[in-house]
Amino acid sequence: MRTDPADTAAIERSLEIASERGGDLTARVYEVLFGRQPEMEALFWRDTNGAIKGEMLMRVFEAILDFIGERRYADHLIQGEVVTHAGYDVPPEVFATFFGVVAEVVEKACEPDWSQAMATAWRRMLADLDHYVTHGKLRAVSAGS
Ligand code: HEM
């Protein structure tokens with residue numbers, strides 16, 4: 001189901017405020033993520049200068065904007081990334097943790113202007129994203145192997 005236009009507006013606004021106020025959220029997102037899933041940090045061993053983490057988060061924000069808007073590619077991208085990332089030893093469950101961490105960091109960056117509408121919109125989007133993580137191509141791949 002497509003994102004409700006009111007939810008799209010609330011999420012877009014929250015991202016605007018977060019980028020105006022929070023600046024680059026990359027360091028914060030990965031700090032919280034690695035605090036919660038310490039075993040993920042080592043998987044970025046190739047990322048000696050932070051470029052991969054930065055690039056990845058940028059793609060994630062772009063995907064979120066597409067997902068809540070026209071949804072031209074983000075649903076397929078997420079399903080595909082679950083499979084690609086299994087090759088990096090990233091389990092699908094971590095995707096839900098990761099999107100949740102992004103939501104928390106955006107919320108913190110928006111304070112004190114984080115609204116109930118933003119909270120509801122993000123909660124609904126996280127549930128919707130989770131559907132694509134858990135109903136992805138990985139199941140089909142492992143079922144066929
Ligand atoms: C929709 C969600 C995601 C997208 C779109 C995404 C996208 C990407 C992209 C584009 C890269 C390559 C970046 C580059 O080489 O410049 C990458 C690398 C990587 N991602 Fe993600 N990612 C997602 C979720 C996750 C999650 C949840 C984790 C778990 C922590 C993760 C862990 C990694 C790791 C460890 C690499 C580095 C692999 C390497 O050594 O090259 N990703 N991701």
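## Helix 2 against helix 5

In this predicted model, helix 2 touches helix 5 through Arg28, Val29, Tyr30, Val32, Leu33 and Arg36, which meet Thr97, Phe98, Val101, Val102, Glu104 and Val105 of helix 5. By class, this contact of helix 2 with helix 5 has eight nonpolar, one polar and three charged residues.

How do the axes of helix 2 and helix 5 cross? They come within 9 Å and cross at roughly 135°. That angle makes helix 2 oblique to helix 5, because an angle has to be over 145 degrees to count as roughly antiparallel. The crossing of helix 2 and helix 5 is right-handed.

## Helix 2 against helix 3

Helix 2 also crosses helix 3: their axes come within 10 Å, at an angle of roughly 100°. Helix 2 is therefore roughly perpendicular to helix 3, since that term covers angles of 65 to 115 degrees. On the side of helix 2, the contact is made by Thr26, Val29, Tyr30 and Phe34. On the side of helix 3, Lys53, Gly54, Met56 and Leu57 take part. The residues of the contact of helix 2 with helix 3 divide into five nonpolar, two polar and one charged.

## Buried residues of helix 2

Which residues of helix 2 are buried? They are Thr26, Val29, Tyr30, Val32, Leu33 and Phe34. Helix 3 and helix 5 are among the elements that cover these buried residues.

## Helix 3 and its surroundings

Helix 3 runs over residues 51-68 and has 18 residues. From its first C-alpha to its last, helix 3 reaches 26 Å, close to the 26 Å expected at 1.5 Å a residue.

The buried residues of helix 3 are Lys53, Leu57, Val60, Phe61, Ala63, Ile64, Asp66, Phe67 and Ile68. The buried residues of helix 3 pack against helix 1 (5-22), helix 2 (26-36), helix 4 (74-86), helix 5 (92-110) and helix 6 (116-134).

## Gln116 in helix 6

Gln116 lies in helix 6. Is Gln116 buried or exposed? Gln116 has a relative accessible area of 60%, so Gln116 is exposed; the cut-off for that word is over 50%. Gln116 and Ala10 are 106 residues apart along the chain, and their C-alpha atoms are separated by 9.4 Å.

Definitions and conventions. Residues are numbered from 1 along each chain as its sequence is written. This is a predicted model: local features need pLDDT of at least 70, side-chain atom pairs count only at pLDDT 80 or more; totals for chains, interfaces and linings use all residues. Side-chain values use heavy atoms; hydrogens and water are left out. Helices (H or I, at least four residues) and strands (E, at least two) are DSSP runs, numbered from the N terminus. The expected span of a helix is 1.5 Å times one less than its number of residues. Buried means under 20% relative accessible area, exposed over 50%, partly exposed in between (1.4 Å probe, protein chains only). Contact means heavy atoms within 4.5 Å. Axes are lines fitted to C-alpha atoms, for helices over the stretch in contact, and angles run from 0 to 180 degrees between N-to-C directions. Angles under 35 degrees count as roughly parallel, over 145 as roughly antiparallel, 65 to 115 as roughly perpendicular and the rest as oblique. A crossing is left-handed if the near helix is turned anticlockwise from the far one by less than a right angle, and right-handed if clockwise. Ala, Val, Leu, Ile, Met, Phe, Trp, Tyr, Cys and Pro count as nonpolar, Asp, Glu, Lys and Arg as charged, and the others, Gly among them, as polar.
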